[in-house]
Amino acid sequence: MSCTCVRRLALTAVALSALAAIAAPSIAAAQDAATPTFTRDVAPILQRSCQMCHRTGSIAPMSLLTYEETRPWARAIRENVTERIMPPWYIDKNIGIQEFKEDKSLSDEEIATIAEWVDNGAPRGNPADMPPPVEFQRMNEWHIGTPDWIVEIPEPFVVAAEAPDWWGNLESDSGLTEDRWVKAVETKPTAESFPVVHHAVTGVVNSDEDEDSLLGSFLNEYALGKNGDIFPDGHGRLIKAGAKIRFNMHYHSIGREIVDRTAVGLQFYPRGVEPQHKLISAHVGDNEDLDIPAGESNVRHDGYFLLEENAHITAFQPHLHNLGKRQCLEAILPDNSKQMLNCADWDFGWHIVYNYADGAGPLLPKGSFLHVISWHDNSDANRWNDDPRNWAGFGQRSSDDMSFAWVSWYELDDVAFKAELAAREVAATAGND
Ligand code: HEC
C-alpha cells in the first residue's frame with residue numbers, strides 16, 4: 001500500500017468522522033424532540049397531579065419533586081398511572097359526564113407521555129426546561145378566607161407512630177344558638193397533622209333523621225389539594241341551632257406520633273338572608289338487603305331514589321365498604337328514558353367526592369329516579385377483603401358492607417328549571433361554534 005493510500009484512508013476516516021459529527025447530533029436531536037424528557041414533559045404533569053401528595057412531609061410514601069427523587073420510581077409510576085390507580089380518581093372516563101371541579105386525573109395523552117418516557121430509559125432532558133417549582137397549599141391557612149365560625153373535633157386525636165389505619169366518626173357540638181345559612185365551608189387538618197389525615201368528611205346533624213344516618217347531612221369533604229367550597233351567590237346549606245358536626249376520619253400512621261385537630265371553618269350569609277337555592281345532600285339508593293356470597297367477584301345490587309322536585313345535581317360520592325368494587329349512578333326520567341350519569345371504580349382507601357363543574361351537573365325534572373347500581377367483590381382479588389370464605393351482608397362495620405351514593409343537589413321550581421335548561425342549550429350551541 002502506498003503512502004498516498006494511507007493518506008486517503010486517513011482522509012476518509014476524517015471525512016467519515018466529520019460526517020458523523022454532523023449527522024449524530026441531528027439524529028439525537030430528532031430523537032430528543034420525540035422522546036419525552038423529565039424536565040420538559042413529565043415534571044409539569046407531576047406538578048399538577050401528584051406533588052400535593054408526593055412531597056416530603058405530605059401523605060404519600062415518596063417525594064416526586066425532582067428528577068433524582070422520581071427516577072427510582074419510574075417503573076412503579078408507569079404501572080400506577082396506566083392502571084389509573086394514581087392519582088386517586090376513579091371516575092370511568094368512557095361513560096357519562098366528565099367535567100368536574102378539582103379533577104387531577106391524567107388524560108390519555110399524559111399517560112402515554114409518562115409511559116413513553118419510562119420506556120425510553122426515563123431521561124432527564126435539558127435542565128433549562130424544568131418548570132419553576134410549584135407553591136403548595138399552606139396548611140395553616142383557610143382558603144375560603146377567615147371563617148366566621150370554627151368547629152374542631154371534640155378533642156385532639158393522637159395518631160400513634162405505628163398503628164393500623166383508623167376509620168371512624170368524631171362528633172362535636174356546633175355551638176350555634178341560631179339557624180345559619182352557610183356561604184362557604186372548608187374542612188382542614190392542621191399544618192402538623194395533614195400527613196396523617198387521608199380523608200375527612202364532615203356532616204351536620206340537624207334532625208333525628210340525620211342522627212340515625214352515619215354522617216348526618218353531608219357538609220364538606222377535605223382531600224389534599226382541595227380548597228373548600230365557596231357556594232355561588234344565592235346557594236347555601238343550612239345549619240340549625242344546636243346542630244352537631246360529625247367528622248368522618250381516616251387516619252394513617254407515619255412513623256412518628258402526630259396530634260390532629262381537624263376543624264371545619266364556616267362563613268355565613270348575613271343574618272336574615274336566606275339563599276334561594278338550598279343545597280341538599282342525602283343518601284341515595286340505599287339497599288340494605290345485600291347478599292354477597294363468599295368468593296364471588298362481581299355481585300350487583302340496585303337501589304332507587306325519587307326526586308320529588310326538579311333538581312340540579314352538584315356532586316356524586318359512591319359509598320361502599322371494603323368489598324366495594326364499582327358504582328354507577330343513572331337517572332330514570334319521568335318518560336322512562338335513561339341517562340347514565342357516571343360510573344366510578346371503588347377503592348376503600350380513598351373516599352372521593354366528585355363535584356360537577358358549574359354548568360355540568362345533571363338537570364333532572366321532578367319525578368325522576370336516581371338509580372344506584374353497585375358491585376361488590378368478595379373474592380381474594382380484592383386487597384381489602386379480610387376473608388373471602390365469608391358471606392357478607394349489610395352492616396355498619398367496615399367488614400359488613402353498604403351500598404348507596406351520597407348525592408348533593410339543589411331544588412328548582414319549574415321556571416328556574418326551564419331557565420337553567422335553556423342556559424345549558426345556549427352554552428352547548430356556543431361550544432359547537
Ligand atoms: C391525593 C394524594 C395523592 C395523589 C394526588 C397522588 N398520589 Fe400516589 N400515592 C398516594 C398515597 C397515599 C400512596 C400510598 C399508597 C396508598 O395509600 O394507596 C401513593 C402511592 C403511589 C405509588 C406506589 C408507591 C409504592 O410504594 O409502590 C406510586 C408509583 C404513585 N403513588 C405515583 C403517583 C403519581 C405518578 C401521581 C400523579 C400522576 C400520584 N401518585 C398522585 C397519594 C397520592
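Strand E20 (residues 403–412) is largely enclosed by the rest of the structure, because nine of its ten residues are buried. Here, buried means under 20% relative accessible area, exposed means over 50%, and partly exposed lies in between (1.4 Å probe, protein chains only). Strands (E, at least two residues) are DSSP runs, numbered from the N terminus. The model is predicted, so local features need pLDDT of at least 70 and side-chain atom pairs count only at pLDDT 80 or more, while totals for chains, interfaces and linings use all residues. Residues are numbered from 1 along each chain as its sequence is written, and side-chain values use heavy atoms, with hydrogens and water left out.

Strand E20 pairs with other strands, a relation that requires DSSP to find at least two bridges between them. Strand E14 (residues 310–320) is antiparallel to E20 and joined to it by ten bridges; within this pairing, Tyr 410 of E20 is the bridge partner of His 312. Strand E12 (residues 277–284) also runs antiparallel to E20, with six bridges, and Ala 282 stands opposite Val 407 in E20.

Attention now turns to a loop. Ala 360 lies between strand E17 (354–355) and strand E18 (363–364). Ala 360 counts as buried because its relative accessibility is 11%. Leaving aside residues up to four places away in sequence, Ala 360 touches Ile 97, Glu 99 and Arg 424, where contact means heavy atoms within 4.5 Å. Trp 346 is 14 residues from Ala 360 in sequence, and their C-alpha atoms are 23 Å apart.

Finally, Phe 369 belongs to strand E19 (residues 369–376). Phe 369 counts as partly exposed because its relative accessibility is 35%.

Technical notes: Helix = DSSP H or I, 4+ residues; strand = E, 2+ residues; numbered from the N terminus.
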